[in-house]
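Here's a quick briefing to read alongside the model.

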Amino acid sequence: MTACTDVRLHVQTKDGLLVPRGVSSPGAGWAVWQGERHLTYLLEKPFSGAGRSKLCVAFSAIGAPYDFTYNYRSSLKNVDAYRLYILDDFGSQGSYYFADHRDRTIFNAVQEFIAETARQLGVNRMDITMLGTSKGGTAAIAHGLRLGVGRVVAGAPQYLPGSYLKGAAPNILSFIAGADDKESVAWLDRLIPESLGESSRDTSVSILVGENDSHLKIHVRPFMEFAERENLHAAVLVVEDLSHQDIGRAFSPYVGEVLRSDDDPARRGSLIPYQFEWRNGAAGNEVQLKAWVPPGEVVSTVFKTENGALPLMPSHTPTYFRTEVPEGQSVWATVTRRATDGSGGLRTFDTRILAPRDN
């Protein structure tokens, strides 16, 4: 008889416990790129031959100390493209994929790794999309501009990361810049402007931010002014009722829809963030839709099945809709946007289709 022992490894740093995320688990798919700085990554394959021409690269936001993980894997699971997730596991809470005490080999390694991966996969740089929110959005813009990729989709990024970290996380600032003094703030604040390269003007940058998020005034508007000065392709979608803390809640479904609308520019231009799901805990077979609406606009929704439209149920807010769906039927919604003053006409898009609920 053979004795079996369950061995669990917990890695302790001088400042805290490294949070296990299954990166080293057998079959998890994570690997390490052996470059100037080692990078831990996960590469997922497309679903069809058409998807083999596209690459999406996701950058992570700031997490708890020593809790290094990826973001938006579930958002991209239905996107037909190579999907690359890179950990920012430097320092205690990451490096903005940029520097370690002003040593920029992290930034250079990420650039080299993405370029090498694209070459090996046969993906043109214009068919690369970089994405992320907050820290991840900043990194996506900086790396996207330097590589000259086709598109960046960012949620509430920091155009001035040094200024942001001085108040929010001086420990991260000190790791990246070597200190948290005024000069270090100014040094890191130049991250995005100094990321401009020969191909930067080929990159299209799309930003999602909340109207009540301080990042709109402090970071996004200054970035848009910078983009205009530098003749960059940039657009911003501002929506109501979205704080910085909640940016992931809206960005998560939005980025997946944007990427799935590659071949439909009209739909992509009409999209706003929404959540569409079966309503847990409801007495009936209900679906609910939450929309994030730009200031000065209103939305209406029609729920549909293959048998026609469904009646709306009462709602306490003009951006939240629900209905009851006959059992065994798929359902989707048509969302229509219009300006409150009646100008500008209508913009309409269909949501994704929810398969029949498994009751």
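Is Y41 buried or exposed? Y41 is buried, because its relative accessible area is 19%, and buried means under 20% relative accessible area, exposed over 50% and partly exposed in between, with a 1.4 Å probe and protein chains only. Keep in mind that this is a predicted model, where local features need pLDDT of at least 70, side-chain atom pairs count only at pLDDT 80 or more, and totals for chains, interfaces and linings use all residues. Residues are numbered from 1 along each chain as its sequence is written, and side-chain values use heavy atoms, with hydrogens and water left out.

**Aromatic pairs**

- A pair of aromatic rings is described by the distance of the centres and the angle of the planes.
- Rings of Phe, Tyr and Trp (its six-membered ring) pair if their centres lie within 6.5 Å; planes under 30 degrees apart count as stacked, over 60 as edge-to-face and the rest as tilted.
- By that rule there are 14 aromatic pairs.
- One of them joins Y41 and F113, a tilted pair with 4.8 Å from centre to centre and 50° between the planes.
- That pair links distant parts of the chain, with Y41 in strand 2 (residues 39-44) and F113 in helix 1 (residues 105-121), 72 residues apart. Helices (H or I, at least four residues) and strands (E, at least two) are DSSP runs, numbered from the N terminus.
- F113 counts as buried because its relative accessibility is 2%.
- F276 and F303 make a stacked pair, because their ring centres are 6.1 Å apart and their planes sit at 25°.
- F276 belongs to strand 9 (residues 274-278) and F303 to strand 11 (residues 297-305), so this pair ties together parts that are 27 residues apart in sequence.
- W30, Y70 and Y85 are linked into a cluster by ring pairs.

**Nonpolar core**

- The largest nonpolar core has 100 residues, and M130, L131 and I176 touch the most other members. Such a core is a set of buried Ala, Val, Leu, Ile, Met, Phe, Trp, Tyr and Cys residues joined through side-chain atoms within 4.5 Å.
- Setting aside neighbours within four places in sequence, the contacts of L131 include C56, V57, F59, Y72, V153, F251 and L259. Contact means heavy atoms within 4.5 Å.

**Helices 3, 4 and 5**

- Two packed helices are described by the angle between their axes and the distance between the axes.
- Helix 5 (residues 182-189) has S184, V185, W187, L188 and D189 buried, and its buried residues pack against helix 3 (161-168) and helix 4 (170-177).
- Helix 3 and helix 4 pack at about 135°, with axes 6 Å apart. Axes are lines fitted to C-alpha atoms, for helices over the stretch in contact, and angles run from 0 to 180 degrees between N-to-C directions.
- Helix 3 is therefore oblique to helix 4; angles under 35 degrees count as roughly parallel, over 145 as roughly antiparallel, 65 to 115 as roughly perpendicular and the rest as oblique.
- On the helix 3 side the contact uses G162, L165, K166, G167 and A168, and on the helix 4 side P170, I172, L173 and I176.
- By class, the contact of helix 3 with helix 4 has 6 nonpolar, 2 polar and 1 charged residues. Ala, Val, Leu, Ile, Met, Phe, Trp, Tyr, Cys and Pro count as nonpolar, Asp, Glu, Lys and Arg as charged, and the others, Gly among them, as polar.
- The axes of helix 3 and helix 5 come within 6 Å and cross at roughly 135°, so these two helices are oblique to each other.
- Here P161, G162, S163, L165 and K166 of helix 3 meet V185, L188 and D189 of helix 5, a contact that divides into 4 nonpolar, 2 polar and 2 charged residues.

**Loops and backbone**

- Most residues other than glycine have a negative phi, and most peptide bonds are trans.
- Y96 is not a glycine, yet has a positive phi of about 60°. Y96 sits in the loop between strand 4 (82-86) and helix 1, and counts as buried because its relative accessibility is 1%.
- R102, found in the loop between strand 4 and helix 1, has a positive phi near 70°. R102 counts as partly exposed, because its relative accessibility is 30%.
- E240 lies in the loop between strand 8 (233-239) and helix 7 (247-260), and at 25% relative accessibility counts as partly exposed.
- Leaving out neighbours within four places in sequence, E240 is in contact with E211, W292, V293, P294, P295 and G296.
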